[in-house]
Amino acid sequence: MSEAARRATLLRTVTLEAEGLAALRTALEGPLGDRVLEAVALILAHPGRVIVTGMGKSGHVGRKIAATLASTGSPAHFVHPAEASHGDLGMIGKEDVVLALSWSGEAPELADIIAYTRRFDVKLLAITSRSESALGSAADLCLALPRMPEACPNGLAPTTSTAMQLALGDALAMCLLEARGFSPADFRAIHPGGKLGARLKRARDLMHGAEELPLVARDATLEQAIVEMTSRRFGVTGVVDEGGALVGVLTDGDLRRAFQRGLAMAGPVAAAMTPRPSTAAPEDLAADLLGLLNEKRITSVFVVEAGRPVGILHLHDLLRAGVL
């Protein structure tokens, strides 16, 4: 097979899958979209879990859908059809909703799960391409996908079909996420590890506390401010008024500009500081703070509460925590 032929296969595969997704989008603008919204309402009305099941490639897609649901506020887990027939049916409760995937809708391994949901009145959602199939006919609600050709040149390996199943599962999960009001704080609670967990940390989780704050009074001299700056490791000092509120900051750049203007070491820090500096709140997300530092081209930010500095964050603190 020539390189040109291989490249053509690459492009044909992606093109056919993209056409499948385009057909899915069109279907969601019509009756399929209405049924998906019904599925969202059905899941929200049941306090149990979403039990996802499927055989073969549909099963692999189902595992991913279950993981996406669970990580975005809709408790879910995957039950393998074969294991269900040997005791795992006990994982399905009356308040659960079963989401079964089968492109043909005729996977025999799903028979026991389908029968169980009918016997015990457990709600059954189906994702299939054939609403008239055994699965589609038995389901309380059938989400019938458009029938599109597989990208496999033999028309056998699930490719376009699994891309469409996965996209519909993602769309369902995102609708549920928004309906539940799942917030970044909720994300952080169940994504504590890795880069996502780092980006969802709060300023209070990463900041240096009051004992490390570089601060001088507004009536301090430049010399006193420099001593405070060099005794810490942030390259900045905050300036506070008589009530302890942050009224300015003094940076290396402020010092250079002050000396260029002829301000003496005995001069007042208030004459050299930057007033009304950018600040953060203890609940601000680390990802937002990184954006603030980049936007303002600064390396440190004071964390304030009720106007008073309670901590300080340096760019290096965010980078060490993995916030990128």
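Predicted model: local features only at pLDDT ≥ 70, side-chain atom pairs only at ≥ 80, totals over all residues.
Residues are numbered from 1 along each chain as its sequence is written, and side-chain values use heavy atoms, with hydrogens and water left out.

**Pocket**

I took a pocket to be an open set of points, on a 1 Å grid over the protein atoms alone, where a 1.4 Å probe fits and where protein lies on both sides within 12 Å along at least five of seven lines; a lining residue has an atom within 4 Å of a point. I found 16 residues lining the largest pocket, and V236, V249, T251, I298 and S300 are the closest to its centre. Strand β11 (300–305) and strand β8 (246–251) each supply at least two lining residues, and β11 gives the largest share, three residues. Helices (H or I, at least four residues) and strands (E, at least two) are DSSP runs, numbered from the N terminus.

In α12, residues 252–260, the buried residues are G253, D254, L255 and A258. Their cover includes α11 (222–231), β8 and β9 (274–275), with contact defined as heavy atoms within 4.5 Å. Just after α12, G262 has a positive phi of about 90 degrees.

In α13, residues 286–296, I noted A286, A287, L289, L290, L292 and L293 as buried. R297 follows just after this helix, in the loop between α13 and β11, and its phi near 55 degrees is a positive value in a residue other than glycine. R297 is exposed, because its relative accessible area is 78%. R276 also has a positive phi, near 50 degrees, and sits in the loop between β9 and β10 (279–280); with a relative accessible area of 74%, R276 is exposed.

**Nonpolar cores**

I searched for nonpolar cores, meaning sets of buried Ala, Val, Leu, Ile, Met, Phe, Trp, Tyr and Cys residues joined through side-chain atoms within 4.5 Å. The largest has 30 residues, of which V52, L69, L99, L125, L143, L145 and L172 touch the most other members. Helix α2 gives the most to this core, with six residues. A second, separate core has 18 residues, including L89, Y116, V122 and L135. In soluble globular proteins, nonpolar side chains tend to be buried together.

Is L32 buried or exposed? L32 is buried, because its relative accessible area is 2%, and it lies in α2 (residues 31–44). Leaving aside residues up to four places away in sequence, L32 touches L24, A27, L143, A144 and L145. On the same terms, L143 touches L32, R35, V36, A39, A126, I127, T128 and L168.

**Cysteines and aromatic rings**

A search of the whole structure for disulfides (pairs of cysteine sulfur atoms within 2.5 Å) found zero. For C142 the nearest cysteine sulfur, that of C175, is 18 Å away. C142 counts as buried at 12% relative accessibility, whereas C175 is partly exposed at 30%.

Aromatic rings of Phe, Tyr and Trp (its six-membered ring) pair if their centres lie within 6.5 Å; planes under 30 degrees apart count as stacked, over 60 as edge-to-face and the rest as tilted. I found one such pair in the whole structure. Y116 and F120 form it, and it is tilted, at 4.8 Å centre to centre and 45 degrees between the planes. F120 counts as partly exposed, at 31% relative accessibility.

How values were computed. Buried < 20%, exposed > 50% of the residue type's maximum accessible area, 1.4 Å probe, protein only.
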